[in-house]
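Work through the following exercises with the sequence and the structure side by side, and try each task before reading its solution.

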Amino acid sequence: MSLRSTALTALLNQDAEVTKDKADVESEKNHRIYTIFNGVAESVCEVRFFNFVKDNFDESSTRAGWSSDSDAAAIQSPVNYGFSKDDISDTILKFSPSVPSKENVYNMINSCTYQAADYR
């Protein structure tokens, strides 16, 4: 009986951690959106990113509809302006409302970079 109780407690704790993680991500997303629309960019690359978001989304639609596709479109703007991959990835990782992983950001940047090179 105690074995079942221990297993059930472990499952409940795991569910609580997942719920907390989702709440943390949602809080981080809201903080990032607020910063984009109300904060001050600290680099020229951040200014490009903030301007892209403000030109293409409003604050409420950003909360509802930002996705990895939005990240890919937002990455294209600083790529086109010649920013380094490091500057772009730092900006996206710091401010993207989708709270992407570093690996996803690098893959998107590489994809945009290849597309830009093919276009030229």
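**Exercise 1. Describe the secondary structure of the chain.**

The chain has six helices and zero strands, where helices (H or I, at least four residues) and strands (E, at least two) are DSSP runs numbered from the N terminus. Read along the sequence, this gives the pattern α-α-α-α-α-α. The model is a predicted one, in which local features need pLDDT of at least 70, side-chain atom pairs count only at pLDDT 80 or more, and totals for chains, interfaces and linings use all residues. Residues are numbered from 1 along each chain as its sequence is written, and side-chain values use heavy atoms, with hydrogens and water left out.

**Exercise 2. Work out the setting of E46.**

Begin with its place, which is in helix α2 (residues 44–56). Next, take its accessibility: E46 counts as buried because its relative accessibility is 7%, and buried means under 20% relative accessible area, with a 1.4 Å probe and protein chains only. Then look for partners: apart from neighbours within four places in sequence, E46 is in contact (heavy atoms within 4.5 Å) with A41, T91, K94 and F95.

**Exercise 3. Locate the largest nonpolar core.**

A nonpolar core is a set of buried Ala, Val, Leu, Ile, Met, Phe, Trp, Tyr and Cys residues joined through side-chain atoms within 4.5 Å. The largest has 19 residues, of which I36, F49, V53, W66, I75, I88 and I92 touch the most other members. Two or more residues come from each of α1 (2–38), α2, α4 (68–80), α5 (85–95) and α6 (102–119), and α2 gives the most, with five residues. Finally, leaving aside neighbours within four places in sequence, I36 is in contact with F49, F50, V53, K54, F95 and P97.

Technical notes:
Buried < 20%, exposed > 50% of the residue type's maximum accessible area, 1.4 Å probe, protein only.
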